[in-house]
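This report looks at selected residues and at the confidence of a model. Please have the sequence and the 3D view open while reading.

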Amino acid sequence: MRSVLRRPDFRLLFAALLASMAAESILLLALAVWVKDLTGSDGQAGAIIFAIIAPMVLAPLVGWVVDRYPRRPFFVAVNLLTAVLLSPLFAVRDRTDVWIIYVVAALYGLSYITLSAVLSGLIRQLVPSELLPEANGALQTVRQALRLVGPLAGAGLYAAVGGWLLVTLAMGGFVTAAAVVGLLRVAETRPPAGELSWPAELGAGLRHLAGEPALRRALVGYGLGSLVMGFTESLIFAYVDRGLHRDAAFVGVLVTVQGIGGLVGGLLSATVVRRVGEVGALAAGVTFFGPAALALAYPRLWLGVLALLLAGVSIPLTMVGLNTLVQRRTPPPLLGRVAAASDALVSGPQAASIGTGALLVGVLDYRLLFVLVGVITTAAGGYLWHGRRLTPPPPTTTLAPRPAHPRIPHPRRPTTPSPAPAVDHEVAGTTRRAARR
């Protein structure tokens, strides 16, 4: 993670996303609390989540628009537009104005999928391919950290001051993000016009997902797990009430535990991608959710803490694996459409499972439903794990081992020539005279 944070361009983007993610984290729960306060209805408060998710049906159109413009100015414009679309919340006074909150929530959901699509392309432009796991891991770590404090801070601000301060802070976060990304200097050209008709261009992202084997397996496996993962949004309340016999507010403690696991998963995610590849990391994340759900079928607090830590670890592993896979296996001109389509294909089943879980928990034993979640997510993780070779980890360079104490040759001593033997001149002279005789 340090290697990618050393890059000045990514540090600017990281600071911008920190501001926008902080705004997002304080806003989402507070909107539901605001509706609950005005109407007194749990159902109407929960419908805020569906209002935010509903624009996912427009994902192909959103991705097509994103791919028609340069990434950086588009990211700046959407952040500024998001700040503007929050301004009608200042007009909310009583329950007759609740419709304003729903409209803003739906527009915010549209903004969310747009920013996610353009962000994938912007990260791909700024970060080399080999550093994409670190970049996505850093962002997921921050996102998980903000989930620990952001929703509670937003609800607390609303309770203490009211909605106007909450809206002001959220608008400030998006404006800050736009200003910081505006400082980036990225060499960009306007994307070329599509060669196909616009209906074909809209479906290009889905065709790429269906035609690329690793992406196809990733979305089938993760989509299968998402069909039941959303059950836990309702099951956790039954677990606390019927299993642990505690007040519903204790859910907040368990969510904090899950957030701690998310921090751990975010810090480990880049390493996991490097060890087992993108599909392998996604498989690990989905599989971890299985034993966590099975453990929650047996209501014991210590076991529940371990289960939620494991569930927290699974979330960033799945997101980093999937996001890195999309960025590496998609041509840049298609990246907006593919990123938006993949978000929709995962979030759609998950949204449906949230509503289905809310209905089933009133009919079936919550423990049986946790077992169902555990079995299906484990099976989905196994399906993904069998396809991990579609994205093998990068090869590592093996270096020859060096001796612990390398031998350093001693310098040779200069050889001193042996002194010539002494000559006895008297004997030599006698020898010469005898020779002459």
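Leu61 belongs to helix H4 (residues 59–66); helices here are DSSP runs (H or I) of at least four residues, numbered from the N terminus. The model is predicted, so local features need pLDDT of at least 70 and side-chain atom pairs count only at pLDDT 80 or more, while totals for chains, interfaces and linings use all residues. Residues are numbered from 1 along each chain as its sequence is written, and side-chain values use heavy atoms, leaving out hydrogens and water.

Two residues can be set side by side by their relative accessible area (buried is under 20%, exposed over 50%, partly exposed in between, with a 1.4 Å probe and protein chains only).

| Residue | Relative accessible area | Class |
|---|---|---|
| Leu61 | 40% | partly exposed |
| Thr39 | 14% | buried |

Thr39 is located in helix H2 (residues 8–39). A polar atom of the Thr39 side chain is 2.7 Å from the backbone oxygen of Val35. Beyond its neighbours within four places in sequence, Thr39 has contacts (heavy atoms within 4.5 Å) with Gln44, Arg95 and Val98.

Confidence is given as pLDDT, the predictor's value for each residue from 0 to 100. Its mean over the protein is 82, and 85% of residues reach 70 or more. Helix H16 (residues 366–386) has the highest confidence, at a mean of 94, and helix H17 (residues 425–436) the lowest, at 45. Residues 396–411 have pLDDT below 50 and zero contacts in the model beyond near neighbours in sequence. Where pLDDT is low, predicted coordinates should not be read in detail.

Definitions and conventions. Helix = DSSP H or I, 4+ residues; strand = E, 2+ residues; numbered from the N terminus. Polar contact = N/O pair within 3.5 Å; in protein donor to acceptor, adjacent residues only side chain to side chain.
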